[in-house]
Amino acid sequence: PAYPLSLMKYILQIAGYGTKTDFAIADIGAGTGKMTAILGSGAPKAKIIAVEPNDEMRAEGKKAVTCAEFIKGSAEATTLASNSMDFACMASSFHWSDHTKSLPEFRRILKPNGIFCAIWNARQINSDEILQSIENEIKAMIPTLSRVSSGLQNTKDWQSVLTSTGDFKDCVYMQMPYTETMSKERYIGAWKSVNDIQAQAISYGGGEQLWNDILKMIEEKIKNKDSITQHYTIKAFVATSTK
């Protein structure tokens with residue numbers, strides 16, 4: 001799923017877009033460029049660099065998104081120049097980073113008083129009986145399951161995390177509702193991109209077979225639906241560099 005353009009425009013204004021010249025954005029952990037494209041719409045005059053470690057995802061992003069330069073790098077080692085960015089963000093990916101290394105790296109690449117945003121599109125799994133049933137089935141198949149993308153389970157104190165290393169201050173939390181209606185094919189495609197469940201299925205001991213069983217279960221649950229309407233709570237944490 002995407003992220004609301006209206007919210008991203010507001011956050012970009014906080015970072016100074018429209019008032020600063022040569023405004024530069026780093027979309028870190030950009031994947032195939034879902035957030036990158038939204039940033040391009042919200043800040044069409046900005047220089048945007050999408051940083052992504054996975055070669056295949058980065059290649060897809062280069063083909064799909066023309067508003068940014070895609071480079072190889074990670075949250076802990078972006079390869080970007082020091083003091084070069086006005087705004088940096090991680091969309092549904094900050095939880096994968098080692099924040100003790102990524103936060104100092106973001107401070108390094110940001111200009112003085114630069115802004116970092118960690119944002120998630122958290123699913124509201126209690127919004128539909130079938131969607132709740134899918135979540136219950138997955139928990140039965142992986143009893144040790146821990147989710148970040150679910151609105152009911154993403155309860156980590158990210159404000160404290162973002163200020164824990166001393167690299168950022170004044171962390172502000174914002175949220176807003178967001179809804180997407182998608183075809184069955186797109187819905188299954190969205191599940192196939194849920195890396196945390198796939199990783200936990202493998203680490204639990206079920207390997208790729210358990211992950212494939214989960215996908216088959218989801219396909220069976222939605223087989224009689226023409227489309228799926230999924231409700232989200234967009235959660236954004238915006239902090240200022242201490243530089």
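Trainee: Which way does helix H7 run relative to helix H9, and at what angle do the axes cross?

Mentor: An angle over 145 degrees between N-to-C directions counts as roughly antiparallel. In this predicted model, the axes of H7 (residues 184-192) and H9 (residues 207-221) come within 11 Å and cross at roughly 155°, which means that H7 is roughly antiparallel to H9. The crossing of these two helices is right-handed.

Trainee: Which residues make the contact between H7 and H9?

Mentor: From H7 come Tyr187, Ile188, Trp191 and Lys192, while H9 contributes Trp211, Leu215, Ile218 and Glu219. Sorted by class, the contact of H7 with H9 has 6 nonpolar residues, 2 charged ones and no polar ones.

Trainee: Turning to charged pairs, how many salt bridges does the structure hold?

Mentor: A salt bridge is assigned when a side-chain nitrogen of Lys or Arg lies within 4 Å of a carboxyl oxygen of Asp or Glu, and the structure holds 10 of them. One of them pairs Arg108 with Glu105, whose closest N and O atoms are 2.8 Å apart. Both residues belong to helix H4 (residues 99-109), where they are 3 residues apart, or about one turn of the helix.

Trainee: Are Arg108 and Glu105 buried or partly exposed?

Mentor: Buried means under 20% relative accessible area, and exposed means over 50%. Glu105 has 9% relative accessibility and therefore counts as buried, whereas Arg108, at 29%, counts as partly exposed.

Trainee: Which salt bridge links distant parts of the chain?

Mentor: Arg123 and Glu135 do so, their side chains meeting in a salt bridge with an N to O distance of 2.9 Å. Arg123 lies in strand E5 (residues 110-123) and Glu135 in helix H5 (residues 129-141), and the two are 12 residues apart. Arg123 counts as buried because its relative accessibility is 10%, and Glu135 is buried as well, with a relative accessible area of 0%.

Trainee: What is the partner of Glu180, and how do the accessibilities of that pair read?

Mentor: Glu180 forms a salt bridge with Arg186, with 2.8 Å between the closest N and O atoms. Glu180, at 8% relative accessibility, counts as buried, while Arg186, at 34%, counts as partly exposed.

Definitions and conventions. Residues numbered from 1 in each chain as written. Predicted model: local features only at pLDDT ≥ 70, side-chain atom pairs only at ≥ 80, totals over all residues. Heavy atoms only, no water. Axes fitted to C-alpha atoms, helices over the stretch in contact; angles between N-to-C directions. Helix = DSSP H or I, 4+ residues; strand = E, 2+ residues; numbered from the N terminus. Parallel < 35°, antiparallel > 145°, perpendicular 65-115°, else oblique. Left-handed = near helix turned anticlockwise from the far one by under 90°. Contact = heavy atoms within 4.5 Å. Nonpolar A, V, L, I, M, F, W, Y, C, P; charged D, E, K, R; others polar. Buried < 20%, exposed > 50% of the residue type's maximum accessible area, 1.4 Å probe, protein only.
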